[in-house]
Amino acid sequence: MIWSRIGRIADLPTNVLPITTIVILTGAGVSQESGLDTFRDRGGVWSRVNLEDLATPQAFHRDPAQVHAFYNDRRARLQQPDIQPNPAHLALARLQRDWPGEVVLVTQNVDDLHERAGTPRVIHMHGELLKARCEQCGLILPWLGPLSVVSKCPACRDYGRLRPHVVWFGEVPLELPRIYDALARADLFVSIGTSGSVYPAAGFVGHVRSEAKVRCVELNLEPQSGSGQFDESDYGPASLILPAFVDRLLGRVPPG
Ligand code: OAD
């Protein structure tokens, strides 16, 4: 065993750590302290609204105006001035900048807080709220305002075919080949602020565990039902435990 607790990574010279590629998976818990709601915690999004009415292709075809209204609200909220990256987003940007190896950041979040924190490369497996996609011609374009049933695609000029560029239940997440390629290279897998309820992301830890060399770390507010699959866990607000974890990885923990 290279290190048996997160804390011990600081005790080891970084050149003996056989960690080159780090794959990070983030979930809604990383953005919670920025003021964005999680989904399944008490008071979370899916406790207030029925996801089948709002986050499925069937819902969109049944009542596109209702689905647009839901995502328009979330898009507007994301752009309010009080919604800013928190120290967890900043720590991950620092890790991607300063780690001598590769850091692949995969997020289930549709917000842009990782990018705003300065992370240049983010894989948004559940899409991006600030983009729209044309169901007719496939164009993906930045979209900051409301979408409606009469919004016009600038490429094919069809009306009413633009939808939020987010993955709905029953749809295949984005960029899976790139993600599984990265998981195959990973030496360290870190899951942060996700309940591990939605597949395929929930299955990443099991997938990498089949590779004996991959260490798996969970960072969350509290233990989750899948916590037993991880080699290490640390619990607390992401804005506190993640910067500390990154400091340890980068060997920047003050002595004592
Ligand atoms: P969930 O709402 O399912 O889980 C949020 C997780 O964040 C929980 O495990 C919390 O314990 C943890 N958490 C909350 N606050 C935290 C904090 N301050 N610091 C650290 N952890 C905290 O959200 P996700 O797991 O991201 O998909 O949900 C996965 C997917 O389900 C979402 O991408 C979305 C949703 O339905 C789609 O919409 C397709």
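A polar contact is taken here as a pair of N or O atoms within 3.5 Å; within protein, one must be able to donate a hydrogen and the other to accept it, and residues adjacent in sequence count only if both atoms are side-chain atoms. The model is predicted, so local features need pLDDT of at least 70 and side-chain atom pairs count only at pLDDT 80 or more, while totals for chains, interfaces and linings use all residues. Residues are numbered from 1 along each chain as its sequence is written, and side-chain values use heavy atoms, with hydrogens and water left out.

A backbone N or O atom of Ala28 sits 2.8 Å from a ligand oxygen, and a polar backbone atom of Gly193 is 3.2 Å from an oxygen atom of the ligand. The side chain of Gln32 places an N or O atom 2.8 Å from a ligand nitrogen. On its own the ligand would expose 790 Å², and the protein buries 96% of that (Shrake-Rupley areas, 1.4 Å probe). Around it are 24 residues, the closest being Phe39, Trp46, Thr194, Ser195 and Asn220 (a residue is near if one of its heavy atoms lies within 4 Å). That shell splits into nine nonpolar, twelve polar and three charged residues.

Next come the cores, meaning sets of buried Ala, Val, Leu, Ile, Met, Phe, Trp, Tyr and Cys residues joined through side-chain atoms within 4.5 Å; buried is under 20% relative accessible area, exposed over 50%, and partly exposed in between (1.4 Å probe, protein chains only). The largest nonpolar core has 24 residues, with Ile22, Ile24, Leu95, Val190 and Leu242 making the most contacts inside it. Two or more residues each come from strands S1 (21–26), S2 (102–107), S7 and S8 (215–220) and from helices H6 (87–98) and H10 (238–249) (DSSP runs numbered from the N terminus: helices H or I, at least four residues; strands E, at least two). H10 gives the most, six residues. A second, separate core of 19 residues includes Leu176, Ala186, Ala201 and Val208.

The Tyr199 to Pro200 peptide bond is cis, with omega near 10 degrees, and Pro200 belongs to the loop between S7 (188–192) and helix H9 (204–209). Arg157, not a glycine, has a positive phi of about 65 degrees; this residue lies between strands S5 (140–142) and S6 (162–166) and counts as exposed at 52% relative accessibility. Glu175 likewise has a positive phi, about 60 degrees, in the loop between S6 and helix H8 (176–185), and is partly exposed at 33%.

Conventions
Nonpolar A, V, L, I, M, F, W, Y, C, P; charged D, E, K, R; others polar.
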